[in-house]
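Please walk through this protein model, from its aromatic side chains to its strands. Keep the sequence and the coordinates at hand.

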Amino acid sequence: MHSESFLLPATGNSGAGSRSASAYDRAQRVFPDGVSRVTIERDPIPRYVARGEGAYLIDVDGRRLLDLNANFTTLIHGHAFEPVVSAVERQVRLGLCFANPTEIEIEHAELLCSRVPHLERIRFVTTGSEAVMFAIKAARAFTGRTAIAKIEGAYHGAYDWAEVAYASRADNWGSPTRPASTSNYRGMPGSVLDEVVALRFNDADGASRIIEQHADKLAALLIDPMPSRAGLIPPEPAFIQALTAAARRHRILIISDEVLNLRQGFRGASARHALEPDLFALGKIIGGGLPIGAIGGRAEVMAVFAAGSGRAPLPQGGTFAANPLAMAAGLAAMQALDELQFAHLDALGAQLRKGLRDVIDKHGAPLSISGAASLFRIHPTRLPPREFRDLPMTSGATGFLRELSRHFAARGVLLPSGAAACLSTPMQARDVNLVIEVFADFVAARGDLIGELA
Ligand SMILES: Cc1ncc(COP(=O)(O)O)c(C=O)c1O
């Protein structure tokens, strides 16, 4: 264990004169908006990181924080996890990338296919977005149909069709029975919107009806079993059953986007929620911290990628697909992620969600908690949301979440700004207790903000 007692206590912001502030000044001159990804949090400026260490990260101003973001849930073993570091070091000396396949990609594929039900064949790509893109294309190539259905508010990366209805708001999301296919950016082609049907999460009847209406053009239902941006809400069994029945009735493929939610268990999230996908999109944890994605699924469907003696129905390639460094890092991370580690994460997650709920009950606060396994989200709403439309988008709710993250940062805990967060294997009960204690202090002290939510 390293001692970090020399480090400064964390504060909510990296203020003027800090090293983060001067880095951000420089960044403004080379990056539009000063950053390379929209998801970088700023309050009002980003916190630049010097290094990570287990469950903690240390910023360039020497502040140490418990990391509940873990690069958007990627680092399930935390930072600088020794087996991953050694595997990458070894691979760096052997070679960074080749135009040839390596044996290590086979080993990684074997591990994943042996664990996840219905994952019979797999192809590695470089990001989760690319995995979603190829899963959708595979469904099109297999069915000969073009459109998809997806969940309103759910995030699936940067492929146009997967971005539809992602940025829906109360003023444009349409009626409850006909969720609108909203565009994600100015100039998004209308033809893309025409090929995507939006469904509301946990709306079994509505989803069945909409799927029926569009069945003859639907190649796939794209579903993340617990979409984080749409609320990090577990699916109700009736919803999974309704989607499955409608899909099977019309030979529509089910794509489970487990880029984020594979971390729900040794067999992944679909197995946990009784979803039986034809195709998967994977990413994040399977790369051990290096860029990765994977498309997988039933052998019959994945055959669209096979050339045989001619041309594959769906050719798929990429300069960095199955990159040896990502394969080495990902294999080491996944090998270390055995059933015991998942049990550890489940126990920590249950302890955390219960502790947070106990605080809410004690104060009768109009707040709720969602999540499963190593994932949790704090909602500024008394009843736990069932779907995206239940998430409050008022200025009171936004202000509450901003102050919550600031309070956590001041106490040395990095809570992502929407209060959707994750745990990692190096965390212990004492880390979870710290999170509960910091939350309890906030709820006790900020009756002013919480009162506005009621
Ligand atoms: C559910 C889901 N799908 C797809 C993606 C896109 O993955 P990537 O950022 O690796 O392109 C993400 C990223 O957060 C995700 O959470």
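Predicted model: local features only at pLDDT ≥ 70, side-chain atom pairs only at ≥ 80, totals over all residues.

Residues are numbered from 1 along each chain as its sequence is written, and side-chain values use heavy atoms, with hydrogens and water left out.

A pair of aromatic rings is described by the distance of the centres and the angle of the planes. Here rings of Phe, Tyr and Trp (its six-membered ring) pair if their centres lie within 6.5 Å; planes under 30 degrees apart count as stacked, over 60 as edge-to-face and the rest as tilted. Searching the whole structure gives seven aromatic pairs. One of them joins Y159 and W161: the ring centres are 5.0 Å apart and the planes stand at 45 degrees, so this pair is tilted. For accessibility, buried means under 20% relative accessible area, exposed over 50%, and partly exposed in between (1.4 Å probe, protein chains only). Y159 is buried at 10% relative accessibility, whereas W161 has a relative accessible area of 22% and is partly exposed.

W173 and F388 form an edge-to-face pair, because their centres lie 5.8 Å apart and their planes are at 65 degrees. The pair links distant parts of the chain, 215 residues apart: W173 is in the loop between α6 (160–163) and β6 (174–175), and F388 is in the loop between β14 (375–379) and α14 (395–410). These helices (H or I, at least four residues) and strands (E, at least two) are DSSP runs, numbered from the N terminus. W173 is buried at 11% relative accessibility, and F388 is buried at 3%.

Charged side chains also meet rings. A charge sits over a ring if NZ of Lys or CZ of Arg is within 6 Å of the ring centre and within 35 degrees of the ring normal. The charged end of R140 lies over the ring of W161, at 4.9 Å from its centre. R64 is placed over the face of Y56, 4.0 Å from the ring centre.

What is the order of the strands in the open sheet of three strands? The order is β13-β14-β16, with antiparallel pairing; two strands pair if DSSP finds at least two bridges between them. β13 (368–372) and β16 (420–422) are at the edges with a single partner strand each, so one side of each has no neighbour in the sheet. From one strand to the next the twist averages 20 degrees. β14 and β16 are joined by three bridges, and F376 stands opposite A421 in β16.

T73 belongs to helix α2 (residues 70–73) and is buried at 8% relative accessibility. Contact means heavy atoms within 4.5 Å. Apart from neighbours within four places in sequence, T73 is in contact with L260, R263, K284, I285, L375 and C422.

Strand β12 (residues 293–297) has five of its five residues buried, so it is largely enclosed by the rest of the structure. In a regular strand the side chains alternate between the two faces of the sheet. Both faces of β12 are covered, with G293, I295 and G297 buried on one side and A294 and G296 buried on the other. β12 pairs with strand β4 (residues 121–125) in the antiparallel sense over five bridges, where F124 stands opposite A294. Strand β11 (residues 279–283) also pairs with β12 over five bridges, again antiparallel, and L282 stands opposite A294.

Key: Axes fitted to C-alpha atoms, helices over the stretch in contact; angles between N-to-C directions.
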